[in-house]
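This report describes a protein structure chain by chain. The sequence and coordinates are shown first.

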Amino acid sequence: MASPSPKSPEQSEKNKQYDRQLRLWGDHGQAALESGHICLINATALGTEVLKSIVLPGVGSITIVDDNIVSDEDVGCNFFLECSSKGLNRGSEALRLILELNPAVQGHAVQEPPDQILEQNPDFFKSFSVVIATVLSEKTIQELAQHLWDINVPFILCRSVGFLGSFRIQIKEHTIIETHPDNEQPDLRLDVPFQALSDYLNSFNIDDMDLKDHGHIPWIVILYKAVQKWQINNPNSWPMSRKEKNEIKNLIQEFIRKDENGIPINEENFEEAIRAVNTSLVPTFLPVKIQEFLYSSAATNLTKESPSFWIMCSALRSFVEAEGKGKLPVRGVLPDMTASTEHYVTLQNIYRTQAAMDAEIVYRKVQEIVSQLHCDTISENEVKLFCRHAHDLYLLKGSNIVTEYQLGTPVASYIARHLEEPDVMMVHYIMLRAAEMFRSEHCRAPGDWEPEADITKLKSCVSKLLSDISCSPFPKDDHIHEMCRYGGAEIHTVSAFLGGCVAHEAIKLVTKQYKPVNNTFIYDGASTNTATFTF
Amino acid sequence: MASGEIQTSDYQQRRWQNIRKLLERSGPFCHPDFEPSAEILDFIMNSCKVLVVGAGGLGCELLKDLALMGFKKIHIVDMDTIELSNLNRQFLFRKNDIGSSKAKCAVEFVNKRIPGCEAVAHHCAIQDLDDGFYRQFHIVVCGLDSIVARRWLNGMLMSLLQYNDDRSLDQSSVIPLVDGGTEGFKGNARVILPGMSACIECTLDLYPPQKTFPLCTIANTPRLPEHCIEYVKVLQWAKENPWGETTQLDGDDPQHVAWVLEKAQERALKHGIANVTYRLTQGVLKNIIPAVASTNAAIAAACATEVFKLASSCCINMNNYMVLNMADGVYSYTFPAERRLDCVACSNTTRVMEIEADATLQMIYDKLCEDQAFLMKSPGITTVINGRNKTLYMSSIKSIEERTRDNLKKKITELGLYNGCDILVADITTPNTITIKLKFAENLDVDMAR
């Protein structure tokens with residue numbers, strides 16, 4: 001049958017394959033992911049589960065560092081090893097089976113121990129977007145963490161033992177333009193309307209409109225008119241308190257037309273206006289958090305090497321101080337509301353036009369800075385995106401993992417404070433650290449052979465950690481006993497849960513969208529509890 | 001149990017070493033009834049039958065997770081075939097598999113990768129399988145994207161419950177249901193012990209209401225690009241029938257999508273509305289829910305961990321509903337969802353509906369569709385009068401719909417219904433006919449006088 005469609009804007013294969021995730025992070029997020037290079041150290045079940053959920057969405061490339069030989073236990077809990085993998089290099093075998101998931105992804109395997117690479121070829125790690133490691137010794141963790149901190153490569157350290165698991169994100173500084181907040185505060189400027197907006201709002205005369213038009217006035221106009229009326233008796237003020245907001249609601253109620261019997265007609269736009277009073281009369285202001293960014297030294301002391309985020313912050317500061325009159329650029333987004341098409345589209349265009357004009361000013365300032373610094377250019381689209389999200393910019397300042405091993409005062413007292421809490425999530429952190437210490441001292445996991453025999457030895461590891469943070473020993477041995485029961489076992493579903501989470505966080509870091517965990521996540525599969533700590 | 005069935009070879013011992021540590025050792029936080037032994041793994045491997053419902057994003061993960069936790073007797077049911085847009089997360093499928101049965105393809109892959117796994121595929125709808133089929137399982141784990149299908153499955157497991165003479169629950173008839181769901185970066189996992197803890201029907205209010213646009217907005221005052229697409233979908237397609245009257249709009253047919261896109265763009269241009277794109281058009285037509293590998297992996301793993309706990313009793317199950325939000329950090333919250341004592345699915349009591357004595361049948365119909373306790377889709381209502389079945393209204397069969405349509409306007413008393421009588425309701429959300437007792441509300445005069 002001949003197609004009634006004259007043209008068919010078919011999507012590309014790639015767009016179809018990635019459709020469900022493009023709706024979450026967009027084409028630009030996907031492009032960032034596709035230029036990412038992830039390094040995994042040790043292809044344990046946890047390690048391969050992480051890679052699985054990074055390779056499927058199409059990361060650029062992966063490198064596995066693993067010098068271990070595949071054992072029967074590995075095959076028993078790791079989906080990306082086969083029976084025939086036994087006796088072969090674990091990283092190469094895992095890589096082969098993981099790459100089957102997505103032919104677009106490049107992969108490499110390096111059969112060297114990580115501490116040897118650190119010693120002989122530390123530059124190896126420079127090119128990665130994120131390094132992810134499992135099952136490392138205490139010594140290697142510290143050396144690797146310090147090195148990655150120094151060369152400014154993000155690092156995620158993960159653990160999975162029995163029902164317990166954790167991951168720790170180490171990143172010096174992470175800036176996010178698109179945080180995708182669940183509830184975005186609308187930016188309507190009713191208290192400080194720009195010229196085009198106030199011209200439009202003032203063009204309405206609610207009382208003179210015929211009934212049909214009356215029911216199609218956008219609630220933004222209604223709210224504005226109610227405040228104007230309120231200001232007759234309250235000159236030079238803005239409704240802030242609950243009482244004042246109720247007065248506004250009453251004024252809106254009075255606007256509603258009545259039928260011949262004096263009963264108010266059901267007008268949805270006025271109902272919407274009443275509902276919007278509490279959320280949409282917030283005065284326009286420069287959020288403190290954003291103000292801090294604009295005046296931080298990263299934004300005021302620019303160099304040729306400054307990241308584009310800080311250059312844009314600097315341009316934004318100049319906008320706020322001059323054209324913006326203390327306010328951020330208009331966001332240019334109008335929520336949906338009951339209104340005629342004409343009213344809505346006109347109003348939407350007023351906001352959009354102002355947003356485009358504000359962004360244009362910021363873009364010109366960015367260009368000036370770029371030409372002064374002789375640094376890389378920043379595209380207009382990037383600046384537009386930045387201005388659109390200027391109210392929700394986010395900065396994560398991380399800490400070095402090594403501080404957890406040195407246990408200086410701030411970290412020690414942080415841990416001690418959380419150990420006093422009734423839930424035991426910080427106890428789990430101590431247990432995972434103690435098991436790691438045990439492994440470094442005895443070259444095997446606690447309880448690997450006999451759970452009971454190792455309780456005393458593990459207890460001394462726990463005591464050492466607790467005394468380092470000036471805490472008294474645990475009153476009971478139950479958590480120590482439980483860790484010995486695990487015997488270093490890696491349980492597939494626990495690793496699969498963490499693997500999903502770690503992959504997710506790595507994608508957040510690479511796409512620079514959505515806020516990642518700051519900075520430590522603990523999971524207890526037995527009680528189905530999770531917790532986040534910030535070391 | 002035959003001793004020969006216990007895995008004894010060194011290889012098997014080593015291969016399952018990780019799980020054996022959990023099952024053959026006791027710990028201070030174990031379930032009080034837990035007795036460590038090698039027989040538990042033997043039960044998991046050789047006796048315990050688990051049904052996985054859905055072989056999509058969650059189903060693929062569940063199948064892998066369960067197989068690596070020692071389960072061998074796994075059945076998986078899914079009526080769908082593989083599409084390109086599945087491949088960003090349904091990791092058991094490749095481009096070559098597009099068009100094949102999801103269930104069959106998933107089973108083939110896992111059985112090959114994990115020797116000893118004896119997974120069985122059912123390429124059919126869950127409604128095609130009867131109570132005899134469902135009764136054979138020890139545990140059912142569900143990874144569906146459809147709420148209706150979930151409710152049907154829940155109803156099926158509830159209908160398998162048996163009660164003793166003293167109305168107490170026969171524990172041996174309980175088949176636990178572990179249910180997972182995801183949407184973008186958010187998900188949930190829950191454990192349902194039928195007849196003992198909150199079931200899907202008890203907690204219908206936990207599902208977000210479906211987003212719909214009022215018809216008058218679509219027709220008269222479009223503002224968003226979605227309104228323009230809905231207009232073409234709801235009104236313009238039926239009017240123009242571009243591929244002839246018999247061809248329904250198919251969101252999977254790229255030519256259909258292209259046609260809708262073009263018409264929606266025309267409408268948008270006329271009204272000055274921007275941003276009608278191919279992606280948005282397809283999203284609205286198919287009601288696409290964003291999905292990503294990582295969220296599915298985490299939720300499926302949480303579900304599989306609960307299945308393992310149920311099968312082994314090695315620790316206490318989650319109580320009983322976990323929400324996971326990975327959009328801002330990673331955050332989880334577990335809470336005990338509460339049973340509805342008058343739940344239509346799991347309460348073993350007859351549900352009562354309060355209704356005005358002069359109500360019409362339409363009012364009962366609307367209550368069944370809108371009341372949070374029912375939320376039915378297209379209920380068929382019958383009753384028994386003088387020992388004879390009488391169909392009051394049924395929309396699913398065209399000829400009966402036409403014959404019974406006028407009843408909707410009639411008063412229920414005209415139709416022979418009385419205070420305390422039972423109506424029988426059938427709907428796609430449940431495999432069973434539900435009995436509802438009508439209770440006429442009294443003292444309504446006060447309200448009416450106002």
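The coordinates are a predicted model.

**Chain A**

Chain A contains 23 helices and ten strands. Along the principal axes, its C-alpha atoms occupy a box of roughly 90 × 65 × 60 Å. Of its 535 residues, 59% count as buried. When contacts between residues at least 6 apart in sequence are considered, 69% join residues at least 24 apart.

The domain assignment divides chain A into domain 1 (17–179 + 490–533), domain 2 (195–280), domain 3 (288–397) and domain 4 (401–486). The centres of domain 2 of chain A and domain 4 of chain A, taken over C-alpha atoms, are separated by 62 Å.

| Helix pair | Angle between axes | Distance between axes |
|---|---|---|
| α2(A) (residues 19–34) and α23(A) (residues 492–511) | about 95° | 8 Å |
| α8(A) (residues 195–202) and α10(A) (residues 219–233) | about 85° | 10 Å |

The helices α2(A) and α23(A) pack at about 95°. That angle makes α2(A) roughly perpendicular to α23(A). On the α2(A) side the contact is made by Trp25(A), Gly29(A), Ala32(A) and Leu33(A), and on the α23(A) side by Ile507(A), Val510(A) and Thr511(A).

For α8(A) and α10(A), the angle is about 85°. These two helices are therefore also roughly perpendicular to each other. Here Ser198(A), Leu201(A) and Asn202(A) of α8(A) meet Ile220(A), Val221(A), Tyr224(A), Lys225(A) and Gln228(A) of α10(A).

Met312(A) is placed in helix α15 (residues 308–321) of chain A. Its relative accessible area is 0%, so Met312(A) is buried. Leaving aside neighbours within four places in sequence, Met312(A) is in contact with Ile177(A), Val366(A), Ile378(A), Glu382(A), Val383(A) and Phe386(A). Val370(A) lies 58 residues from Met312(A) in sequence, and the C-alpha atoms of the two are 9.9 Å apart.

**Chain B**

In chain B, the domain assignment gives domain 1 (1–184 + 292–318), domain 2 (215–286) and domain 3 (351–440). The C-alpha centres of domain 1 of chain B and domain 2 of chain B are 41 Å apart.

Helix α7(B) covers residues 147–159. At 1.5 Å a residue its 13 residues should span 18 Å, and the end C-alpha atoms are 18 Å apart, which agrees. At the start of α7(B), a side-chain oxygen of Ser146(B) comes to within 3.3 Å of the backbone nitrogen of Val148(B).

Ten of the 13 residues of α7(B) are buried, so the helix is largely enclosed by the rest of the structure. The buried residues are Ala149(B), Arg150(B), Arg151(B), Trp152(B), Leu153(B), Asn154(B), Gly155(B), Met156(B), Leu157(B) and Met158(B). They pack against β1 (49–53), α6 (131–135), β4 (139–143), β5 (177–183) and β6 (186–192) of chain B.

Cys142(B) lies in strand β4 of chain B, one of the elements against which the buried residues of α7(B) pack. With a relative accessibility of 1%, Cys142(B) counts as buried. Not counting residues up to four places away in sequence, Cys142(B) touches Val53(B), Arg150(B), Leu153(B), Leu177(B), Val178(B), Asp179(B) and Gly180(B). Among these, Arg150(B) and Leu153(B) are buried residues of α7(B). The C-alpha atoms of Cys142(B) and Ala189(B), 47 residues apart along the chain, are separated by 9.7 Å.

Asn320(B) lies in the loop between α12 (293–312) and β7 (321–325) of chain B. Its relative accessibility is 6%, so Asn320(B) counts as buried.

Helix α12(B) has 20 residues, which at 1.5 Å a residue should span 28 Å; its end C-alpha atoms are 28 Å apart, in agreement. α12(B) is mostly covered, with 19 of its 20 residues buried. Just after α12(B), Ser313(B) takes a positive phi of about 55°.

How values were computed. Residues numbered from 1 in each chain as written. Chains lettered and ligands numbered in written order. Predicted model: local features only at pLDDT ≥ 70, side-chain atom pairs only at ≥ 80, totals over all residues. Heavy atoms only, no water. Domains from an automatic or database assignment. Helix = DSSP H or I, 4+ residues; strand = E, 2+ residues; numbered from the N terminus. Expected span 1.5 Å × (residues − 1). Buried < 20%, exposed > 50% of the residue type's maximum accessible area, 1.4 Å probe, protein only. Contact = heavy atoms within 4.5 Å. Polar contact = N/O pair within 3.5 Å; in protein donor to acceptor, adjacent residues only side chain to side chain. Axes fitted to C-alpha atoms, helices over the stretch in contact; angles between N-to-C directions. Parallel < 35°, antiparallel > 145°, perpendicular 65-115°, else oblique.
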